[in-house]
Amino acid sequence: MKDFHCRDVGMNCEFVARGDATEEVLAQTERHAEQVHHMKVTPELEEKMRWLIHDDSSDAHRESVKRNS
Ligand SMILES: [Zn+2]
Ligand SMILES: [Zn+2]
């Protein structure tokens, strides 16, 4: 399972998008950014989000969870 933590882009937000594929997580994240944060997802932002999506068994995930708690 892959996921994306909204807080990893500097938002004060608990949202975590989850999915089996990067594209799936990205689609959820984009919807969330637009609906909740009223952010326009530019190609640059999408690239940044893509970079921050990680596997939920990775060290990066453990770091994100630690940061979020
Ligand atoms: Zn958020
Ligand atoms: Zn994670």
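Analyst: The chain carries 10 positive and 15 negative side chains, and the centres of these two sets are 4 Å apart. In this count Lys and Arg are positive and Asp and Glu are negative, while His and the chain ends are left out. Each charge is placed at NZ of Lys, CZ of Arg, CG of Asp or CD of Glu.

This is a predicted model, in which local features need pLDDT of at least 70 and side-chain atom pairs count only at pLDDT 80 or more, while totals for chains, interfaces and linings use all residues. Residues are numbered from 1 along each chain as its sequence is written, chains are lettered from A and ligands numbered from 1 in the order in which they are written, and side-chain values use heavy atoms, with hydrogens and water left out.

Next comes the overall layout. The chain has 3 helices and 3 strands, arranged along the sequence as β-β-α-α-β-α. The radius of gyration is 11 Å, close to the 11 Å that the globule rule gives for 69 residues, so the chain is as compact as a globular protein of that length. Helices (H or I, at least four residues) and strands (E, at least two) are DSSP runs, numbered from the N terminus. The radius is taken over C-alpha atoms, and the globule rule is 2.2 Å times the number of residues to the power 0.38. Along its principal axes, the C-alpha trace spans about 30 × 25 × 15 Å.

Of the 69 residues, 33% count as buried; this means under 20% relative accessible area, with exposed being over 50% and partly exposed in between (1.4 Å probe, protein chains only). Contact means heavy atoms within 4.5 Å. Among contacts between residues at least 6 apart in sequence, 44% join residues at least 24 apart.

I53 sits in the loop between α2 and β3 (54–55), and with 12% relative accessibility it is buried. Apart from neighbours within four places in sequence, I53 is in contact with K2, D3, F4, T22, V25 and L26. The C-alpha atoms of I53 and F4 are 4.8 Å apart, although 49 residues separate them along the chain.

K2 is partly exposed, at 26% relative accessibility. Leaving out residues up to four places away in sequence, K2 touches A17, R18, G19, D20, A21, T22, V25, I53, H54 and D55. Between K2 and V25, which are 23 residues apart along the chain, the C-alpha separation is 7.1 Å.

F4 leads on to T29. T29 touches F4, F15, A17 and M49, again not counting residues up to four places away in sequence. T29 is part of helix α1 (residues 22–36) and is buried, with a relative accessible area of 1%. The C-alpha atoms of T29 and E46, 17 residues apart along the chain, are separated by 9.2 Å.

H38 lies in the loop between α1 and α2 (43–52). At 67% relative accessibility, H38 is exposed. Its phi is near 50°, a positive value in a residue other than glycine. Most residues other than glycine have a negative phi.
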